[in-house]
Amino acid sequence: MTDPIADLLTRIRNGNQARKERVDVPWSRTKDALARLLVAEGFLRDCTTVGEGIRKQLRIGLKYDDQRRPVITGLRRVSRPSLRIYVGKQSIPAVRAGLGINVLSTPAGILVDRDAKRRGVGGELLFSVW
């Protein structure tokens, strides 16, 4: 697999469109950190690890509102293996006038845009979610 983060985002996007309760993704430390960050931000319901060893999976619970509409209305991969996008602490862009978030990979770990600004670090702009 060339881009595991794009695969994670695509599985979440497809699960939302099909109104699935949960999606399973092959486990990795990065995907686990990204899913836990989206749970903390309120875009996903939960995430758990199932299985052991090479068959380890990340089970992600998708979140819907009262009318069964997905909480995540958009996911966009920004930096990708063929074109990396790096931003400084002053040039982190806003998503939908503050209604969405950017997720960055920084020296302080994987952070949301507002946490990166507060800590004064920049990094690779992985994806946007709104």
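**Contacts, sheet packing and salt bridges**

Beyond its neighbours within four places in sequence, Lys31 is in contact (heavy atoms within 4.5 Å) with Pro4, Asp7, Leu8, Val25, Pro26 and Leu58. The model is predicted, with local features requiring pLDDT of at least 70, side-chain atom pairs counted only at pLDDT 80 or more, and totals for chains, interfaces and linings using all residues. Residues are numbered from 1 along each chain as its sequence is written, and side-chain values use heavy atoms, without hydrogens and water.

Lys31 belongs to helix α2 (helices, H or I, of at least four residues and strands, E, of at least two are DSSP runs numbered from the N terminus). Lys31 is buried (under 20% relative accessible area; exposed is over 50%, partly exposed in between; 1.4 Å probe, protein chains only) but has no salt bridge. A salt bridge places a side-chain nitrogen of Lys or Arg within 4 Å of a carboxyl oxygen of Asp or Glu. For Lys31, the nearest side chain of opposite charge is that of Asp7, 4.5 Å away (Lys and Arg positive, Asp and Glu negative; His and chain ends not counted).

Residues up to four places away in sequence aside, Phe127 touches Ile5, Leu9, Leu34, Leu38, Leu75, Arg76, Arg77, Val78, Ile101, Asn102 and Val103.

Three strands form an open sheet in the order β1-β3-β2 with antiparallel pairing (at least two DSSP bridges between paired strands). The edge strands β1 and β2 each have a single partner, so one side of each lacks a neighbour in the sheet. Neighbouring strands of the sheet are turned by 20 degrees against each other on average, direction ignored. Antiparallel pairing of β1 with β3 extends over five bridges, and Val23 stands opposite Ile60 in β3. Helix α1 packs on the sheet, touching β1, β2 and β3, with its direction at about 165 degrees to that of β1. Helix α2 lies across β1, β2 and β3 and runs at about 150 degrees to β2. Axes are lines fitted to C-alpha atoms, for helices over the stretch in contact, with angles from 0 to 180 degrees between N-to-C directions.

Strands β6 and β7 (residues 109–112) pair in the antiparallel sense over four bridges, forming a hairpin with two residues between them. In this pair, Ser105 stands opposite Ile110 in β7.

The structure holds 11 salt bridges. Asp3 is bridged to Arg77, with the closest N and O atoms 2.9 Å apart. Asp3 lies in the segment before α1 and Arg77 in β4 (residues 75–77), so this pair ties together parts 74 residues apart in sequence. Both Asp3 and Arg77 are buried. A salt bridge between Arg114 and Glu41 has its closest N and O atoms 2.5 Å apart. Arg114 is in helix α3 (residues 113–119) and Glu41 in the loop between α2 and β2, 73 residues apart. Arg114 is partly exposed at 44% relative accessibility, as is Glu41 at 23%. Glu21, Arg45, Asp46 and Arg68 are linked in a salt-bridge network.
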